[in-house]
Amino acid sequence: MGTLTSCSFSAVNFRFRPNSMFRQRIGVQVFESRKLRRNLCFLCRGIISKELSREKSFKVSCISNGNNNDGDYSNNDGDIKGNDNHNASSKESTVTTASPPGETVPEERSTSNDPPPSVSSRPPNIAPLGSAYSDFQIDSFKLMELLGPEKVDPSDVKLIKDKLFGYSTFWVTKEEPFGELGEGILFLGNLRGNREDVFAKLQTQLAEIMGDKYNLFMVEEPNSEAPDPRGGPRVSFGLLRKEVSEPGPTSLWQYVIALLLFLLTIGSSVELGIASQINRLPPEVVKYFTDPNAIEPPDMELLYPFVESALPLAYGVLGVLLFHEVGHFLAAFPKKVKLSIPFFIPNITLGSFGAITQFKSILPDRSTQVDVSLAGPFAGAALSFSMFVVGLLLSSNPDAAGDLVQVPSMLFQGSLLLGLISRATLGYAAMHAATVSIHPLVIAGWCGLTTTAFNLLPVGCLDGGRAVQGAFGKGALVGFGLTAYTLLGLGVIGGPLSLPWGFYVLICQRTPEKPCLNDVTEVGTWRKTAVTVAILLVVLTLLPVWDELAEELALVLPWLTDGELATIFMTCKTLHRLARPITHHRSLDASRSFEKFPIPFYNSVDHFPYAYFIYTPFQVIPSSTRQFWGPNDLPCQFGPNSSDADFPLSREGNGEMNKPESSLVSLVDESGCECEACEKVSEDNVIGCPCMELDAAEGMGIMSECGPSCGCGSECGNRVSQGGIRVKLKIVRDVRKGWCLHAAQSIQQGQFICEYAGELLTTQEARKRQQIYDKLASKGNFSSALLVVREHLPSRKACFRINIDTTRVGNVARFINHSCDGGNLSTVLVRSSGALLPRLCFFASKDIEEDEELTFSYGEDRVRPNGLKCFCNSSLCFGTLPSENT
Ligand SMILES: C[S@@+](CC[C@H](N)C(=O)[O-])C[C@H]1O[C@@H](n2cnc3c(N)ncnc32)[C@H](O)[C@@H]1O
C-alpha cells in the first residue's frame with residue numbers, strides 16, 4: 001500500500017548526442033532504439049537500464065585491464081572525438097589536486113593521473129576477427145555511450161574542483177565514477193569541518209556556480225578503511241546531472257494505467273464486500289467460488305442484489321488506501337519532496353495490495369526518507385485500526401445485529417495480534433464457536449491492517465524497506481530483506497498471501513531506494529524506535545497463531561458445513577491438510593454415529609465425497625443448529641458421545657431419543673385439513689372425507705405401537721420403529737438420480753427400515769420452502785425432500801396435515817428415491833399411544849437383496865406439466881416425478 005518507489009518506474013534520461021563522424025553510421029540504429037524505448041512499458045525501462053548497466057561495467061573492466069592507451073575514439077564529454085580530442089579531454093579530467101601540507105594522501109590517490117573511467121571511457125582495441133569486427137565492436141560501444149545518460153561535463157568538473165572544494169570545506173584527492181551507470185563523478189578526499197555544515201555550504205555554492213544543472217550528494221566513502229577523525233564515517237561527494245538523477249515526469253499512458261488500476265481496485269474491493277457475505281450468497285455461487293472446476297459458472301446476475309451491501313466494506317478498503325496516500329503526501333509536501341500519482345494494485349483477498357507511488361524528486365536526507373515512508377502506512381493503519389475496533393464493538397451491539405456477517409472464527413487465527421484483540425473484545429466463547437458474527441467494519445479494518453503490515457515489510461522499496469534504509473542504512477536493509485523473504489518463502493508470515501506478496505515484491509518493488517542528497521547523517525533515536533516498533537507490529541500482525549490454530553482447528557472443523565469446509569480447504573496448504581481427514585470421515589458415516597451401523601457414502605461417478613445435511617434420527621422443530629461431524633477421536637467436548645446437556649440431539653443410554661414432543665402440537669394446522677374435499681365436508685357436514693381414500697390409494701398403512709403412555713419400556717416388542725435403524729444401509733451416488741439409499745445386507749419383507757425423520761413444518765413454512773426448492777431444482781443440481789402426510793381424525797370430519805422436510809435436517813430416509821412401480825418399500829403411519837403425532841416409517845414391502853436400491857412411490861399426482869424427469873427404470877415409469885401442490 002502506498003509503497004513509494006523511484007526504482008521500478010524511473011525513466012533514465014538519455015540524450016542523443018551524435019557528432020558528425022557517427023551521425024551517418026549509427027543514426028538509424030539510434031533512432032530505432034529511441035523509438036523502441038518510447039514503446040516500452042514502464043516496467044521494462046528498469047530492465048533496459050540494467051542491460052545498459054551491464055554493458056557499461058564490461059566497458060569499464062576493459063579499461064581497467066589496461067586497454068586504455070591507444071583507443072581510436074574517446075568520448076570524455078559524451079561527444080565522439082578523434083584521437084587528439086581524446087588526449088585533450090583526458091588531460092582535462094586528470095586529477096592534479098595537490099595535497100595540502102600535513103595531509104596524508106593515500107598512495108594510489110596521489111598517483112591518480114588517469115582520468116576516471118566514467119570521464120574517459122573508451123572501447124577496447126581487441127579485434128580478433130579483423131577490422132570489420134573491430135569496427136562493429138567499437139560502434140557498439142559508441143552506441144551504448146550515445147544511448148547512456150548524459151555525463152558530467154569535464155569543464156564543469158574542473159570549475160567545481162577549483163571553486164567549490166577547498167581547504168575550509170573538502171580537500172579533493174581523487175575522483176571516481178558515480179551513479180548507476182557511472183555517469184557522475186565522486187569526489188573523494190578529506191573533510192575540513194562539520195559534515196552537515198560543509199554539505200550545506202557546498203550545496204549553496206554549487207547553485208551559485210552551476211545554477212540548477214547538478215545535484216550534489218553526500219555519501220559514505222566507498223571502501224574507506226578508517227572512520228572520519230571527527231567521528232562517524234568518512235564522506236565523499238557525488239555529482240550528477242539533475243536530469244539524470246531525478247525521475248522524469250509522469251507520461252500520459254502512465255496516467256491511463258494508473259486510472260485502469262484504480263478502477264480494477266474499486267472492482268476488487270466490491271468483490272471483497274460480496275465475498276464477505278458468503279453465508280447469504282446462493283449456494284451455487286459459493287460452490288463455484290470455492291471450487292470453480294466443480295460446477296459450471298453460475299449466472300453472475302445472482303450477485304447483483306449483494307453489490308449494495310458490499311459497498312460499505314469496499315468504501316472501507318478504499319478509505320484506507322486514500323488515507324495511506326494522503327499520509328505520504330502530507331509528509332512529503334513540507335519537505336518539497338514530489339510524489340507521483342499512485343498505481344493501485346488490486347487484490348481479491350484484501351481488496352488491494354496498496355499502491356506504488358514514485359518519488360519525483362531526490363530526498364534531501366534520511367530523516368525525510370523515514371518520515372515520508374512511515375507517514376502513509378501510519379495513516380492507513382490508524383484508519384484501519386479505528387474501523388477494526390469500532391467494528392468489533394458493533395459486533396456485540398444488539399442494535400447492529402442486522403448488519404453482521406458470519407465468518408469462520410478460525411480466520412481470526414490468521415493473525416496473532418488481531419486475533420488476540422478480537423478475542424479480548426468478542427470474548428473467548430464467541431471466538432471458539434465455529435463461526436462468528438462480525439460487523440463488516442471488522443473485515444475492512446482487518447484487510448487494511450494486513451495490507452499495511454505487508455507494505456511495512458523491510459524489503460526493497462516497500463514503505464518498510466525504505467524506512468529501514470533511512471533509519472539503519474542500506475546494509476541493514478539487505479539483512480532485513482533476506483530475513484523477510486525467507487519468512488515469506490517458508491510461509492511463516494503472511495499465511496496464504498505470503499507467496500503472491502513475495503512475487504509482487506520481487507517483480508515490482510525489490511530494488512532499494514536511491515540515496516538521499518545527504519545520505520550520511522543518521523536519523524535520531526525516536527525515528528529508529530518508530531521503525532523498530534513498526535517492524536515488530538508487522539511481524540505480530542502477519543504471524544499466524546500456529547500452535548493454537550492447530551488446536552482450534554481440531555475443535556472447529558467438524559462443526560463446519562460442507563461449503564465452509566470447502567472454503568477452508570482452499571485457503572492454504574495447512575488448512576487443506578487439516579480439512580482432508582474431516583472430509584474422509586464424513587464420507588464414512590452419514591449418520592454421524594447416531595445409528596447402530598455406520599451408513600457410508602459411495603461415489604464413483606463424480607467428485608462429491610458426501611452430501612451435507614444435519615442429521616436427526618427423529619422429527620425435530622426447525623432450528624438453526626450446527627452439528628459436529630468429524631472424527632470422534634478429535635478432542636471435542638461436544639461430539640455425539642457427549643452428555644445430553646451438551647448436545648440436545650444425543651441418544652440416551654437406553655436407546656431412546658430425546659424428542660421435543662410437547663411442542664409438536666403447535667405445528668399441526670388446527671384449522672384442520674384445508675384440502676378442497678375436506679373443506680366441503682365441514683361446510684356440508686357430510687360424513688366421510690375423500691382424503692381418506694386418497695391415503696388408501698397411496699397405499700399408506702397405519703400401525704399402532706406402544707408409546708409414552710404405556711407402562712412398558714423400550715425393550716417392549718411393540719416398539720419396532722422406535723429403536724432406530726437396525727439394518728445395514730449405504731448411500732450410493734447415481735449419475736442421474738443423485739444420491740440413492742441402498743441395502744448393504746439382505747432384508748426380509750416386513751422388516752423395519754427407517755423413519756422419515758426431519759423438520760416438522762407449518763403448512764405456511766412448507767409452502768414457502770417448496771417454492772424456494774422448486775426454483776433451485778429448476779436450475780439443476782438440487783434435490784429437495786419435503787413430504788406432506790395427511791391423517792384423518794376418527795370423526796372423519798377433518799384431517800391433520802404434517803409436513804416433514806428432510807432437505808436440510810433429516811436422516812437417511814432423505815436419500816430414498818422414487819419408483820413408479822412402488823419400489824420395495826411401503827410407507828406406514830405409526831401412532832404410538834400417548835404421542836400426539838404419528839410418524840412416517842418405511843418397511844420392506846418385499847425381500848430385498850444386498851446392494852439393491854431402496855425406493856418407494858412418491859405419489860400418483862403430477863400437477864406440474866414440466867415435472868422433473870424420472871429415472872426409476874421401472875416398466876411402469878411415467879416419465880416424470882410425481883408432484884402436487886404443497
Ligand atoms: C428425497 S430426495 C432423494 C435423494 C436425492 N436423490 C439426493 O441426491 O439427495 C428426492 C429427489 O431425488 C431425485 N429423485 C428421486 N427419485 C428420482 C427418480 N426416480 N428419478 C430422478 N430423480 C429422482 C429428485 O431430484 C428428487 O427431488
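Q: In which kind of crossing does H17 pass H20?
A: This is a predicted model, in which local features need pLDDT of at least 70, side-chain atom pairs count only at pLDDT 80 or more, and totals for chains, interfaces and linings use all residues. Residues are numbered from 1 along each chain as its sequence is written. A crossing is left-handed if the near helix is turned anticlockwise from the far one by less than a right angle, and right-handed if clockwise. The crossing in which H17 passes H20 is left-handed.

Q: At roughly what angle do the axes of helix H17 and helix H20 cross?
A: Helices (H or I, at least four residues) and strands (E, at least two) are DSSP runs, numbered from the N terminus. Axes are lines fitted to C-alpha atoms, for helices over the stretch in contact, and angles run from 0 to 180 degrees between N-to-C directions. H17 covers residues 463-472 and H20 covers residues 525-542; their axes come within 10 Å and cross at roughly 145°.

Q: Which residues of H14 does H13 meet?
A: The axes of H13 (residues 366-395) and H14 (residues 416-426) come within 9 Å and cross at roughly 35°. The crossing is right-handed. From H13, the residues taking part are Leu392, Leu393 and Ser395, and in H14 they meet Ser422, Thr425 and Leu426.

Q: Why is one side of S2 and of S4 left without a neighbour in the sheet?
A: Strands pair if DSSP finds at least two bridges between them. Four strands form an open antiparallel sheet in the order S2-S3-S5-S4. One side of strand S2 (170-178) and of strand S4 (214-220) has no neighbour in the sheet because both stand at the edges, each with a single partner strand.

Q: Which residue in S5 stands opposite glutamate 220?
A: S4 and strand S5 (residues 235-241) pair in the antiparallel sense over seven bridges. Helix H8 (residues 195-210) lies across S2, S3, S4 and S5, running at about 160° to S4. Opposite glutamate 220 stands valine 235.

Q: Which residue in S20 stands opposite isoleucine 702?
A: A mixed open sheet has four strands in the order S12-S20-S21-S15. Its edge strands, S12 (701-705) and S15 (752-755), each pair on one side only. S12 runs parallel to S20 (residues 825-832), joined by five bridges. The residue opposite isoleucine 702 is leucine 829.

Q: Which of the residues around the ligand come nearest?
A: A residue is near a molecule if its C-beta atom, placed from the backbone, lies within 6 Å of it. The shell has nine nonpolar, five polar and two charged residues, and strands S14 (738-743) and S19 (817-818) each supply at least two residues. Of the 16 residues around the ligand, those that come nearest are Gly738, Trp739, Ser783, Ala785 and Asn817.

Note on methods:
Two residues are in contact if their C-beta atoms, placed from the backbone, lie within 7 Å. Ala, Val, Leu, Ile, Met, Phe, Trp, Tyr, Cys and Pro count as nonpolar, Asp, Glu, Lys and Arg as charged, and the others, Gly among them, as polar.
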